[in-house]
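This briefing sets out the main features of one protein chain. It begins with confidence and overall architecture and then turns to individual residues.

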Amino acid sequence: MFSIEHDFDATTITLIDEGSPHLQEDITINAFDDCIVIEQLDPRTDLVERITLSINQLNDLAAALNLPEGVYQRVIDGRKD
């Protein structure tokens, strides 16, 4: 299950784990103009872990999800991205 909220400066997506006997903590994704911030509570430390991706890193991740093992560089309209 997930939710989407549009705020003034970001879109927030919350991913809620369900259906498994070993549920993970919710993941919050904040999409800004220049970066994506992913947050998840670590129940062992009770701290929120945060990862910040640039838009290029996000695009690389999206492309990587559908590719086999290897090393890649995205090229868009004849230019490296």
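The pLDDT is the predictor's confidence in each residue, on a scale from 0 to 100. The model is predicted, and the protein chain averages a pLDDT of 92, with 95% of the residues scoring at least 70. The protein chain has 1 helix and 7 strands, and its radius of gyration of 16 Å is well over the 12 Å that the globule rule gives for 81 residues, so the chain is more spread out than a compact globule.

**Confidence**

- Strand β5, residues 47–54, has the highest confidence in the protein chain, at a mean of 98.
- Strand β7, residues 79–80, has the lowest, at a mean of 64.
- Where pLDDT is low, the predicted coordinates should not be read in detail.

**Architecture and extent**

- Read from the N terminus, the elements of the protein chain follow the order β-β-β-β-β-α-β-β.
- Along the principal axes, the C-alpha atoms of the protein chain fill a box of roughly 45 × 35 × 25 Å.
- Among contacts between residues at least 6 apart in sequence, 1% join residues at least 24 apart.

**Surface and charge**

- Of the 81 residues of the protein chain, 15% count as buried.
- The accessible surface of the protein chain comes to about 6700 Å², and carbon and sulfur atoms account for 55% of that area.

- Threonine 14 belongs to strand β2, which covers residues 11–15.
- Threonine 14 has a relative accessible area of 14%, and because the limit for buried is under 20%, threonine 14 is classed as buried.
- With neighbours within four places in sequence set aside, the contacts of threonine 14 are Met1, Phe2, Ser3, Asp26, Ile27 and Thr28.
- Threonine 28, one of these partners, is placed in strand β3, residues 27–31.
- Threonine 28 counts as partly exposed, at 22% relative accessibility.
- With neighbours within four places in sequence again set aside, threonine 28 is in contact with Thr12, Ile13, Thr14, Val37, Ile38 and Glu39.

- Valine 48 lies in strand β5.
- Beyond its neighbours within four places in sequence, valine 48 is in contact with Glu39, Gln40 and Leu41.
- Valine 48 and isoleucine 38 are 10 residues apart in sequence, and their C-alpha atoms are 9.9 Å apart in space.
- Aspartate 46 is located in the loop between β4 (35–42) and β5.
- Most residues other than glycine have a negative phi.
- Aspartate 46, although not a glycine, has a positive phi of about 60 degrees.
- Aspartate 46 counts as exposed, at 58% relative accessibility.

**The loop between β1 and β2: aspartate 7**

- Aspartate 7 is found in the loop that joins β1 (2–6) and β2.
- Aspartate 7 has a relative accessible area of 45% and is partly exposed.
- Aspartate 7 and asparagine 30 are 23 residues apart along the chain, with their C-alpha atoms separated by 9.9 Å.

**The loop between α1 and β6: valine 71**

- Valine 71 is situated in the loop between α1 (55–64) and β6 (75–76).
- Valine 71 has a relative accessible area of 82%, and because exposed means over 50%, valine 71 is classed as exposed.
- The C-alpha atoms of valine 71 and threonine 12 are separated by 31 Å, and the two residues are 59 apart along the chain.
- Valine 71 and threonine 28 are 43 residues apart along the chain, and their C-alpha atoms are separated by 29 Å.

Technical notes: Residues are numbered from 1 along each chain as its sequence is written. This is a predicted model: local features need pLDDT of at least 70, side-chain atom pairs count only at pLDDT 80 or more; totals for chains, interfaces and linings use all residues. Side-chain values use heavy atoms; hydrogens and water are left out. Helices (H or I, at least four residues) and strands (E, at least two) are DSSP runs, numbered from the N terminus. Buried means under 20% relative accessible area, exposed over 50%, partly exposed in between (1.4 Å probe, protein chains only). The radius of gyration is taken over C-alpha atoms; the globule rule is 2.2 Å times the number of residues to the power 0.38. Contact means heavy atoms within 4.5 Å. Accessible areas come from the Shrake-Rupley method with a 1.4 Å probe; for residues, only the protein chains shown count as cover.
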